[in-house]
Amino acid sequence: MLFFIFNKTLKMILTEPKNSITKQYQKLLELDGVELAFDRAALEQIADTSLARKTGARGLRAIMETMMMDTMFEIPSDETIKHCKITKEVVDGTGQPIIER
């Protein structure tokens with residue numbers, strides 16, 4: 001039960017504040033004309049990873065930075081990209097973002 005409460009709280013921290021981490025990345029990519037979206041499962045995986053590492057809310061940014069690093073370099077250099085979707089597989093390192101041109 002406690003795990004569920006912490007997981008839900010971390011997901012809220014990721015998405016709900018006006019200046020949330022996910023909104024910051026969305027705004028950065030919006031500057032390049034790209035819409036960034038996160039799967040619900042991806043947000044859950046980010047929260048689960050933070051809990052597994054026992055880093056809590058402070059660890060969310062580090063997880064996001066690691067996960068988004070390649071994407072943040074790739075997207076500005078490709079003007080054909082219009083949409084980028086982050087999935088659970090991207091978060092756990094087994095997949096790539098879904099890119100739409």
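1. Basis. The model is predicted, so local features need pLDDT of at least 70 and side-chain atom pairs count only at pLDDT 80 or more, while totals for chains, interfaces and linings use all residues. Residues are numbered from 1 along each chain as its sequence is written, and side-chain values use heavy atoms, with hydrogens and water left out.

2. Sheet. Three strands form an open sheet: 3 strands in the order β1-β2-β3, with mixed pairing. Strands (E, at least two residues) and helices (H or I, at least four) are DSSP runs, numbered from the N terminus. Two strands pair if DSSP finds at least two bridges between them. β1 and β3 are the edge strands, each pairing on one side only. Direction ignored, neighbouring strands are turned by 15° against each other on average.

3. Strand pairs. β1 (residues 35-38) and β2 (residues 83-86) run parallel and are joined by 4 bridges. In this pair, Phe-38 stands opposite Ile-86 of β2. On the other pairing, β2 and β3 (residues 98-100) are antiparallel over 3 bridges. Here His-83 has Glu-100 in β3 as its bridge partner.

4. α2 and α4. The axes of α2 (residues 21-30) and α4 come within 11 Å and cross at roughly 20°. That angle makes α2 roughly parallel to α4. Axes are lines fitted to C-alpha atoms, for helices over the stretch in contact, and angles run from 0 to 180 degrees between N-to-C directions. Angles under 35 degrees count as roughly parallel, over 145 as roughly antiparallel, 65 to 115 as roughly perpendicular, and the rest as oblique. The crossing of α2 and α4 is right-handed, that is, the near helix is turned clockwise from the far one by less than a right angle.

5. α3 and α4. The axes of α3 and α4 are 9 Å apart, and the helices pack at an angle of about 120°. That makes α3 oblique to α4. The crossing of α3 and α4 is right-handed.

6. Largest pocket. The largest pocket holds about 270 Å³ of space. A pocket is an open set of points on a 1 Å grid over the protein atoms alone, where a 1.4 Å probe fits, with protein on both sides within 12 Å along at least five of seven lines; lining residues have an atom within 4 Å of a point. Its volume is the space filled by probe spheres set on the points, which are joined across faces, edges and corners.

7. Lining. Of the 16 lining residues, Thr-66, Met-67, Val-90, Val-91 and Gly-93 are closest to the pocket centre. α4 gives the most to the lining, with 7 residues.
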